[in-house]
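Hi everyone, thanks for making time.

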Amino acid sequence: MAKQDYLRLCIKQGEEKNVSFTIKADGKAMDLSSYTIRLQVKRAPLEKAEPIVLKEVTTVTDISTVGQINQPQQGVVTFHFLKEDTSFPIGEYPLVISLVAPGVDDIISSQCCNKAIYNICEQ
């Protein structure tokens, strides 16, 4: 698998940080105005595995605690990671990003790439 096939989110262990993504469809930024974006970090790459980090963000969620779709027409979503979200042992964890709306629960991290990884790095 080539490096470009990965979505890798690298965060230092114990770091509090905002991370922004632009969500695109067919090469163009999606309008996220009516969506919720769900981010899950899991210990195992199993659909039924409970997430160890769960963020669900909309245009009105608090950007300083959870994150926010802060530029909806440009497809920009920002997730806020607290220290407790990044205090796991150093290593790689499966990352699942989903687009959620009434009647829609679509995993987009697997559409744009073959693998998405939440990587906790040394401080």
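I'll start with the overall layout, then go through a sheet, one threonine, the core and the aromatic rings.

First, some housekeeping. This is a predicted model, so local features need pLDDT of at least 70 and side-chain atom pairs count only at pLDDT 80 or more, while totals for chains, interfaces and linings use all residues. Residues are numbered from 1 along each chain as its sequence is written, and side-chain values use heavy atoms, with hydrogens and water left out.

Okay, the layout. The protein has 1 helix and 11 strands; helices (H or I, at least four residues) and strands (E, at least two) are DSSP runs, numbered from the N terminus. Going along the sequence, the pattern reads β-β-β-β-β-β-β-β-β-β-α-β. Of the 123 residues, 41% count as buried, where buried means under 20% relative accessible area, exposed means over 50%, and partly exposed is in between, with a 1.4 Å probe and protein chains only.

Now find the open sheet of 3 strands, in the order β2-β8-β7, with antiparallel pairing. Two strands pair if DSSP finds at least two bridges between them. The edge strands are β2 and β7, each pairing on one side only. Between β2 and β8 there are 6 bridges, and T22 stands opposite V76 in β8. Between β7 and β8 there are 3 bridges. Those two strands also make a hairpin with 4 residues between them, and G75 in the turn has a positive phi of about 75°.

Next, let's zoom in on T78, which sits in strand β8. Is T78 buried or exposed? T78 is buried, with a relative accessible area of 3%. Its side chain makes a polar contact of 2.6 Å with the side chain of S20, and another of 3.2 Å joins the side chains of T78 and N70. A polar contact is a pair of N or O atoms within 3.5 Å; within protein, one must be able to donate a hydrogen and the other to accept it, and residues adjacent in sequence count only if both atoms are side-chain atoms.

On to the core. A nonpolar core is a set of buried Ala, Val, Leu, Ile, Met, Phe, Trp, Tyr and Cys residues joined through side-chain atoms within 4.5 Å. The largest one has 23 residues, and L9, I37, L39, V77, F79, F81 and Y118 touch the most other members. Which strand gives the largest share of this core? That's β9, with 4 residues. Take L9: leaving aside neighbours within four places in sequence, L9 is in contact (heavy atoms within 4.5 Å) with residues including V19, F21 and F81.

Last stop, the rings. Rings of Phe, Tyr and Trp (its six-membered ring) pair if their centres lie within 6.5 Å; planes under 30 degrees apart count as stacked, over 60 as edge-to-face and the rest as tilted. By this rule there are 2 aromatic pairs. F21 and F79 are edge-to-face, at 6.1 Å centre to centre with 65° between the planes. F21 lies in β2 and F79 in β8, so the pair ties together parts that are 58 residues apart in sequence. Both F21 and F79 are buried. The other pair, F88 and Y93, is tilted, at 6.1 Å with 55° between the planes, and F88 and Y93 are buried too.
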